Structures are given as structure tokens and as C-alpha cells.
Amino acid sequence: MSDLTIWFLNGPNANLYGLDANKTYGTDSFPVLQSRCEQKAASLNAEFRFLQSNYEGQLIDWIQEARGVADGIIINAAGLTYTSIPILDALMSFPGKIIEAHMSNIWKREPFRHHSYISKVADGLIAGLGGDGYELAIQAIADLVRKSR
């Protein structure tokens, strides 16, 4: 039995990881990333959900659903990171730990990506490490949650 529940939410176009000709997001496909993350969570004895939607409202619904169920949320809201006040508002109502994760280093990219609404509520941020960053985010949130108890 697990003492920890983690939800990892992915936003628009994350399902296309590994298919980008520029390799901005690495070469791992989304199913490969999911498998890596599930293995990492299992190694930490954590219950784990890995979800992706291209729709802002679905991400908000999952954040609301996670209240009282998940101990922590890792979120890569993708393009919604820079635009979505509704996702910020939903995350503000989540009582657990939050980590913002990005596959690419958003500060080496276009200037509009340098502002994140999610950072305003995140306990930490991991960016620019590709799939390794996703696994590090799982380790980090497990540590944050367990230390906070």
C-alpha cells in the first residue's frame, strides 16, 4: 500500500513529444515518457496518474478532482503555462504540493515563454532536462510531500 499519491498533468501537444523535427522536447515519445514516469513512481511506492489533455477545461477538472485525492501535482501545462489564469486559480485551490515541469529550458526560448502563471503557486520548478526532468520532478514531489508530514 502506498502512502503517497502523485498526479502528473500534461497540457496541449505533449502527446506529440518525440515527433518534433527540431527535437525541442527530446526524442522520447509520450508513451515512453509515461512508462519512465510510471516506473519512477513505482520505485518510490507512489500511486500515480499520468494524464494529458489538449483542453484547458480538462486540466482544470483534473486539478479540482485531485483535491483530497492527490498529495502532489506535477504540471506541465505546456502553452497554457503562459496564458491560463484559470489553471492558476485551480492550482491555488489545491492543498498539496505542486511542481511545475517543462521538457525544454523555457528561458532559452521565445520571450513570451519566460512568464509562467503556474510558477506563482509552484513549490518548485524543473525545466530543460527533458524526460530526465520528469523523473526528477517525481522524486522531488515525493520528497516534498514526505518531508511536509
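A residue is called buried under 20% relative accessible area, exposed over 50% and partly exposed in between, using a 1.4 Å probe and protein chains only. At 47% relative accessibility, Asn-13 therefore counts as partly exposed. The model is predicted, with local features requiring pLDDT of at least 70 and side-chain atom pairs pLDDT 80 or more, while totals for chains, interfaces and linings use all residues. Residues are numbered from 1 along each chain as its sequence is written, and side-chain values use heavy atoms, with hydrogens and water left out.

**Asn-13**
- Asn-13 is located in the loop between E1 and H1; helices (H or I, at least four residues) and strands (E, at least two) are DSSP runs numbered from the N terminus.
- Beyond its neighbours within four places in sequence, Asn-13 is in contact (heavy atoms within 4.5 Å) with Gln-52 and Asn-54.
- A distance of 14 Å separates the C-alpha atoms of Asn-13 and Gly-26, which are 13 residues apart along the chain.

**Helix H1**
- In H1, the buried residues are Phe-30, Leu-33, Cys-37 and Ala-41.
- These residues lie on the same side of H1 because they cover an arc of only 70° around the axis, the arc being that of the directions from the helix axis to the C-beta atoms.
- Pro-31, Gln-39, Ala-42 and Ser-43 are exposed on the other side of H1.
- The cover over the buried residues of H1 includes strand E1 (5-10), strand E2 (47-52) and helix H4 (130-148).
- Asn-45, which follows H1, has a positive phi, near 55°.
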